[in-house]
Amino acid sequence: MSFAGRAGCGFGPRARCRPARRVAAAAALVAVALAFCPPEGRAEAAGEAAAGPLVLIGLSGLTWADVSAAETPALWAALERGGAVAGVVTRSVRPGSCPAEGWLALGAGEIVGETPASPLSDIQTVDPASCAPLSEVVAGVIPGWDALTGDAGRGSLRGWLDEMGFVVAGIGPGAALALADADGRVGTSYTQAPTSTAAWGEAVTRAVNSGAAAVVVDVGVLSADLTVGELDARIGAILQALTAATSLSPAEVLVASLSRPAPALGVALLTPPPTQGTANLGLLRSAATHRAGLVVSTDVTAVLESHLLAAPVGAVDPWTASPADWGAADAVDSLRDMALHASARRALGPAAWIAALVVAAIGLFGPLVYLSSPRRRAGGERGRNGAAARGAAAWQAVALCAGAFPIAGFVVNALPWWRAPLAGAVWLAGSVAVAVGIGLGGWTVARLGTRGAMGTPLGGAGVVGAIGALVLLADPFSGAVFTRDAPLGADTLLGARFFGYANTTFAVLVVSALLAAALAAAEPWRRARRGWTITLIGVVGIAGAVVAGHADLGADLGGAVTIAVAFGVLALAAGDATLRPRSVALAGALGVAAAAAAAFWDYSRGPGRWTHLGAFVDQAVAGGLGEVLARKAGMWLRMSAQPLVGLVLAGLVVLALRRRGGPFTDPRVWRDLPLRRPLTMALMTALALGS
C-alpha cells in the first residue's frame, strides 16, 4: 500500500485542519517551559572569605601527572592537609597558551592571546619557543608592554583594585603582568622574583606583613631550566613560611596553573590556612564548567575579587567546593583520569571525525550505487523474495549501521576506553560493534513489522533514531556520561564548551529525533488523523527543544531554535499538503522567541549564575554581537573546508537535484516511504539552520 496520504483532515464532515495553530501552540509551550522550568540548583557560597590575605601562587606548565609524593613532596603535604582541588583548563584563543597570556588573562579577567591569521586556518597549539619570555620590571615599567598586550584587557584588575581601595602585593614577573596598570607600570607593592629557594618564603612573609589584602606570586615556568622539583621547593618554602609565621593572620593559599603550551589539565589547589588543615579534600566546581573537579584559568580573577570582597562576585562564588571526603591519593587519581580522558579525546578527535564521515559516505553512496545499477533496476519488480530484494535489504542494513555509528560513539564513551593501551583503536572497535548492534536491531525490528510504517525503510531508521534521541536526551540528566569528552563531542581542552550539547552532538540529536517523530506519527498520518499526527510530532519536538534550550541541560540556544523550526516544518508539512511560507515563518519566529526567552531568563539570574546563554546576551547588549557572529562564521568555514564534508554534501546535492525517473524515484521501497516529503523538508531545514 502506498502511504501517499491526503490533504484533508478527517475530523468530521465540517472539520478543517489548522496545523499552523497547533504548531503555534506547541512552540508557545516550548517558550513557557524554557522560561519557567526551574534550573538545577547551584551550591551557594560557603560562608565568608578567609579573614587573612589570599596567597595566589601562579605557575605555568604543571599538570596533575607531575604531582606525586616523591616528585612534589611540598604539594603532596598540602594535599594531605586538606582543602579542595580541580583540573584547570588554561584558556586562550588557542588550546595552548604562553606564560604571558596566562598572567595577562588574570589581569584582564578574560581570554588574552593572538587571533588565528585566517578564518580558514586551523587552530594550532603553541610552540614554546615562540612564547615571549617573562622579563623583570625595569624602573617600575614592564619591558615590551605594548607588544605583549595590544589593546586587550589592559590593567583591568589594577583599575578595579585601585577603585575599591585594595592593596595587592606582587612577586615575580608574571604577577607584574597581572597587576600592572594600563601603561604597564607596577607600584611599590611589587617585588622582583627571589634568587634563592628560601627567599621565596621570606618575600611572601614580608608582603603579608605589609598589610596586603592578597599576594600574587609567580613561582616560574616548568621547563628544561626549571624542574618540577624546583617549582615544588619554591611552593614548599612559601607554605612553610606561612605556617611558621604565627604572628600573621591566617592566609588561604591557592596554587593554580595559568598556562601551558600543549593543552592539558593544569593544577588547582585551594588550601585552608596552613594551621587549620582538614585532612580531607573536596572537588572545586566552577560556575563556568558546571562540573566538579574542573575549573577554568580565567575564573581566578573572580576568585581573587570574591576573596577581597569577602563575598561572592555576582550571585554565587565562581568556585564552590564539594564536601571534603577525598584522600590525597584518591583525589589525584581521579583528576589524572579526568585529564587522561580529556587528552585522549583531543588526540582522537580528528580521526574520529574522519571515521564518522567515511562511514556516513558508505551509508549514503553504497545504496545509491546499488539502486542505480542497471541490473538492480531491471530486477526491481521480481518481488520481495528475489535477489534484487535481498540486495536492497542488505544495503538497508548497511545504511542503518552507518547511521548508528555516531550514536554508538557516544554510547561507548560511557565506558573507560581512554584507559586502554590503544585507546583510539578500542573506541573505534567498540563504536563499530555497538553501531552494528543498533543498526541490525533496527533492521530486524523493521523486517519483523509486516504492517504499517514499520514495514517500510522508515521503520528501521525510526528505531535507530529513537535509540539515538533517547540516549542524547537522557545525557544531561546522567551527568553527560555519553558526551563529555566523547571523541565526537565537545573538547574540554579546547575550552569552548564544557557542558550541554556541542555542535556534533546536536546534529545527531536533531536527526535522530526527527526520524523517531516521523515513525511515531506515520500511522496516524496514513489514516489522515492530522490532529494525532501533529500532536505526536509536537510532543517529541517540545521535549527536544526544552532539553536543548534549557540553560542547565543542553544549553544550546541555536539548537533550540533549529529544533523548533525543523519540527514545525515537519508538523506543518504532515498536516497540510501545501506548506505556506507564512506558516514556516511563524514556526521560525516562535522558535526564536522560545530560545530568546531561555537566554534572557538565564541572563536575568546574574553573572554568577550565567551559562554561556546569559553571557551571549551580555555580549550582545554590550555591542559584541557582530564579533560573536564573525567568530562562528570563521569556525563554520574551517569545518566546511574539510574534503570529506564536501563529498557528503555533494551526495546530498545529487539527491536533491536528481531527475525524475532516477533510482530513488522508481523503486517501490522509496515510493512507499511514509512522510517522505515532510521528513525530507524537515531534515533539510535542520541541516540549513544547524549549519
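Reader: How many bridges join strand β2 to β7, and in which sense do they run?
Author: In this predicted model, strand β2 (residues 83-89) is joined to β7 by 5 bridges, and the two run antiparallel.

Reader: How many residues are between β6 and β7?
Author: The two strands form a hairpin, with 6 residues between them.

Reader: Is strand β7 largely enclosed or open?
Author: Strand β7 (residues 266-271) has 6 of its 6 residues buried, so it is largely enclosed by the rest of the structure.

Reader: Which residues lie on each side of β7?
Author: One side carries G266, A268 and L270, and the other V267, L269 and T271; all of these are buried, so that both faces are covered.

Reader: Let us change topic. How many aromatic pairs are there?
Author: The count comes to 3 aromatic pairs. One of them is F405 with W427, an edge-to-face pair at 6.0 Å centre to centre and 80 degrees between the planes.

Reader: Which parts does the pair of F405 and W427 tie together?
Author: F405 belongs to helix α12 (residues 387-412) and W427 to helix α13 (residues 423-448), so the pair links parts that are 22 residues apart in sequence. Both F405 and W427 are buried.

Reader: What is the geometry of W417 and W418?
Author: W417 and W418 also form an edge-to-face aromatic pair, with 5.9 Å centre to centre and 85 degrees between the planes.

Reader: Why does W418 count as buried?
Author: W418 has a relative accessibility of 10%, and buried means under 20%. W417 is buried too, with a relative accessible area of 3%.

Reader: Now the surface. Which residues form the nonpolar patch?
Author: The nonpolar patch consists of I354, V358, I362 and V398, which together have about 300 Å² of accessible area.

Reader: Where does the largest share of the patch come from?
Author: Helix α10 (residues 328-372) supplies the largest share, 3 residues. V358 has its place in that helix, α10.

Reader: What is the relative accessible area of V358?
Author: The value for V358 is 35%, so this residue is partly exposed.

Methods: Residues are numbered from 1 along each chain as its sequence is written. This is a predicted model: local features need pLDDT of at least 70, side-chain atom pairs count only at pLDDT 80 or more; totals for chains, interfaces and linings use all residues. Side-chain values use heavy atoms; hydrogens and water are left out. Patches are made of residues with over 30% relative accessible area and no salt bridge: like charges are joined within 9 Å, nonpolar side chains (Val, Leu, Ile, Met, Phe, Trp, Tyr) within 5 Å. Accessible areas come from the Shrake-Rupley method with a 1.4 Å probe; for residues, only the protein chains shown count as cover. A salt bridge is a side-chain nitrogen of Lys or Arg within 4 Å of a carboxyl oxygen of Asp or Glu. Helices (H or I, at least four residues) and strands (E, at least two) are DSSP runs, numbered from the N terminus. Buried means under 20% relative accessible area, exposed over 50%, partly exposed in between (1.4 Å probe, protein chains only). Rings of Phe, Tyr and Trp (its six-membered ring) pair if their centres lie within 6.5 Å; planes under 30 degrees apart count as stacked, over 60 as edge-to-face and the rest as tilted. Two strands pair if DSSP finds at least two bridges between them.
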